[in-house]
Amino acid sequence: MPTPSSPTPSPAASPTASPTASPTAFSAAVDAVRAGLPLDEAAGELLSRMTREERLWLLDGDLPFWQGMADMMQNGYNLTPIPMGRVERLGIPGLLFSDGPRGVVMGRSTAFPVSMARGATWDVELEERVGTAIGLELRAQGANFFGGVCVNLPRHPAWGRAQETYGEDPILLGEFGAALTRGVQRNAMAVVKHFALNSMENARFTVDVTADDAALHEVYLAHFRRVVDEGVSGVMTAYNSVNGQWAGQNEHLMEGVLRGMWGFEGVTVSDFIWGLRDAAASLRAGLDVEEPFRQQRAEHLPADLEAGRASWDDVDRAARRVLRAQLRHYAARTEPEPPLDVVFSPEHRALAREVAARGMVLLKNDPVGEAPLLPLQRDALASLAVIGRLADVANTGDNGSSDVRAPEVITALRGLTEALPRTRITHVADDDPAAAAAAAGQADVAVVVAGYTAADEGEWVGGDVLADPGLLALFPPPGDDPAGQRFAAFLAEPGAVDSISGGSAGGDRASLRLRPVDADIIRAVAAANPRTVVVIVTAGAVITEEWRDAVPAVLVSWYSGCEGGRALADVLLGDVDAAGRLPYSIPTSEEHLPYFDRDATAITYDKWFGQRLLDRDGHAPAFPLGFGLSYTGFALADLTVSAPGDDSLTGVVTVTNTGSRAGRHVVQLYGRPTGIDAAADDFPTRVLLGFATVDLPAGASARVTVRASTRPLHRWTPGGFVPASPTAVIEAASYAGDPDAVTAPAELALV
């Protein structure tokens, strides 16, 4: 058996690290692929040179289980690349894993705004730039495998990991996942996750999600298909069960849909530690790699092969895919090795600030006197009250596997203080409505920062996971392994299991509203100062009905990354236009949402959630999908649409900046299938098809091209996709249901 390698590869071990590196079988295969040898032949040649032990070595992590667990629990998660399937004898680098998606979790990297904030930019070119930066930081720190393209659909806004994904609509999810993949894969292999139907956090290890084929293909798999079409290198399976089969050993999803229907040629990997329940069954079903350590496969596969529960053909199929993915990546590498100082570089910090500002969504901006409250006028701002427990807290998202340990985080208070050096700023952090109101009453403007932290939502890292006998049974026996014995002793200590979460367990949100004390503070501050702005820190939708009427301005700032405080100042002071648009709808009541039980062991997912559900049931949202105000105004006119071809169409529309300052607009293209009754036909009355952004000076107009997909206008049948109706009305809008939307002069023929 090959000796496990160090988590951080040395330059000499990388097949492209240096022109003077010693040639290996792998580097020769890379050169052959570059010279035109088909990938399958190159992978087959490498496979033929491997022993059976080396082939098995490709199928899981390199680190012994208890060593890896002890390091992860005691020292920190993914501090350096996690190696899987590295074979030094042949120079095979292996899959060197780093998690995401808000940046590289290794080392001290740049914390970008969470994915949901980036989805609120509706700007895929900007997301591709983020992907490029992440790929550079990842490669500079020795990794090659980025497990951070998260595109799960948040069926309910209480989902704890909504921050890791981009929005409620499959088109938005797919295009952003594809953009991140393009950027990352200039320097590393990108992995899309979690396949599939993962949108419950507390119950993720136990819940069985049932969905029929129509719901699967029209809704929950559509965005994965888009990222696969983009050429993503890897797919990570989910923890949950899908239609009675654990996702990590679900042959229908992996071999039937992913490879059979979509033609995926990359590598499939499990989610960490609990991503499969049967080593042989997972291999037969098409799971290539068990992540991240030597666990169930190392313990059981040799005997499974001997007993015929799996075959060497299964092993070779998976091994060939692992080799093929690496060969494809290294053969396509054209960028030079990045220096280590690219990590948390000034350029990447500036990008994080740009993204954070671009994604902030202005929900309300009423006049106070003769003009809207925002943007604030610097020169007229002698005093400012900054209110709230979150105003001076480094709050970039949850503390789970997506946590990025940036060396510095600019808080809201610091960002405003830097931007307003001549303004007297008072901060009240306590949950004290009277003290907040007193400070606000003495200030020109009050800014209330309220919302959530890792204690309220995020990856479920509660210690009860390690108290579940069913999950503990998936661990190999500690035996005489000192690390295993220490870990077992640790679990037996009183309070040890609870200590793992560090008081920040996260999980699915218990409420979609701000804390009652936050609502009290907002109303008290607004009563004391009519010039009050509320800034909401969140990932998912927040219901604001009990306090929104009291304030003139509301801004969603998200978990905004390491430069979020400066970006907030940029937006509040008007240095940047308020250009973010909601990547989901916000209801007026929890009753207008799908059923959600965060402790469910079984649940059925249908097609109805978010804006689609509100439309079907006739509930007006508080704020619809795609909504967001600007500091200027925009008008749309003269939409033309091309005939559809290859599941796509192009819309061209005139956008005019009708205001007095430059601004940025998001044009959204929607389709309305003709003659559809949502409830009777089980199909939405309006679907998003595409979107594009445009910057315009005051008074300027431009023809904006929107590239769109016709896939959302099709329904799934036993024979495949067919148009939901023969024709559809295409409209260009500023948000879903926009009364000022413009329609194409003729209905689009779909058949």
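Asparagine 243 sits in the loop that links strand 7 (241-242) to strand 8. In this predicted model, asparagine 243 has a positive phi of about 50 degrees, although the residue is not a glycine. Its relative accessibility is 39%, so asparagine 243 counts as partly exposed, the range for that class lying between 20% and 50%.

Strand 8 covers residues 245-246 and contains tryptophan 246. Tryptophan 246 is also partly exposed, at 22% relative accessibility. Leaving aside neighbours within four places in sequence, tryptophan 246 is in contact with Phe205, Thr206, Tyr239, Asn240, Ser241 and Arg277. The C-alpha atom of tryptophan 246 is 9.7 Å from that of valine 209, and the two residues are 37 residues apart along the chain.

## Overall fold

The protein chain contains 23 helices and 28 strands. A compact globule of 751 residues would have a radius of gyration near 27 Å, and the 26 Å of the protein chain agrees with this. The C-alpha trace spans about 80 × 65 × 50 Å along its principal axes.

Of the 751 residues in the protein chain, 63% are buried. Among contacts with a separation of 6 or more, 79% are between residues 24 or more positions apart. The protein chain exposes about 25600 Å², and 50% of this area is supplied by carbon and sulfur atoms. There are 62 positive and 95 negative side chains, and the centres of the two sets lie 4 Å apart.

Helix 16 spans residues 433-441, and its buried residues are Ala436, Ala437, Ala439 and Ala440. Viewed down the axis of helix 16, these residues fall within an arc of 165 degrees, so they line one face of the helix. The elements that cover the buried residues of helix 16 include strand 13, strand 14 (424-428), strand 15 (445-451) and helix 20 (516-528).

In helix 18, which runs over residues 482-492, the residues Ala483, Gly484, Phe487 and Leu491 are buried. They cover an arc of only 100 degrees around the axis, and therefore lie on the same side of helix 18. An α-helix has 3.6 residues a turn, so residues three or four places apart point the same way. The face of helix 18 turned away from the buried side carries the exposed residues Arg486 and Ala492.

## Cis peptide bonds

Lysine 193 and histidine 194 are joined by a cis peptide bond, with omega about -10 degrees. Histidine 194 belongs to strand 4, which covers residues 189-195.

A cis peptide bond also joins leucine 374 and proline 375, where omega is about 0 degrees. Proline 375 lies in the loop between strand 12 (371-372) and strand 13.

Apart from neighbours within four places in sequence, threonine 396 is in contact with Arg102, Val114, Val409, Tyr559, Gly561 and Cys562.

Tryptophan 122 is placed in the loop between helix 5 (115-119) and helix 6 (124-140). Tryptophan 122 has a positive phi of about 55 degrees although it is not a glycine. The relative accessible area of tryptophan 122 is 1%, so this residue is buried.

## Proline 712

The loop between strand 23 (701-709) and strand 24 (714-717) contains proline 712. At 16% relative accessibility, proline 712 counts as buried. Beyond neighbours within four places in sequence, the residues in contact with proline 712 are Ile171, Phe683, Val687, Leu688 and Leu689.

Proline 712 and glycine 244 are 468 residues apart along the chain, and their C-alpha atoms are separated by 27 Å.

How values were computed
Residues numbered from 1 in each chain as written. Predicted model: local features only at pLDDT ≥ 70, side-chain atom pairs only at ≥ 80, totals over all residues. Heavy atoms only, no water. Helix = DSSP H or I, 4+ residues; strand = E, 2+ residues; numbered from the N terminus. Rg over C-alpha atoms; globule rule 2.2 N^0.38 Å. Buried < 20%, exposed > 50% of the residue type's maximum accessible area, 1.4 Å probe, protein only. Contact = heavy atoms within 4.5 Å. Areas by Shrake-Rupley, 256 points an atom, 1.4 Å probe, with all protein chains shown as cover. Lys, Arg positive; Asp, Glu negative; His and termini not counted. Charge placed at Lys NZ, Arg CZ, Asp CG, Glu CD. Arc of directions from axis to C-beta.
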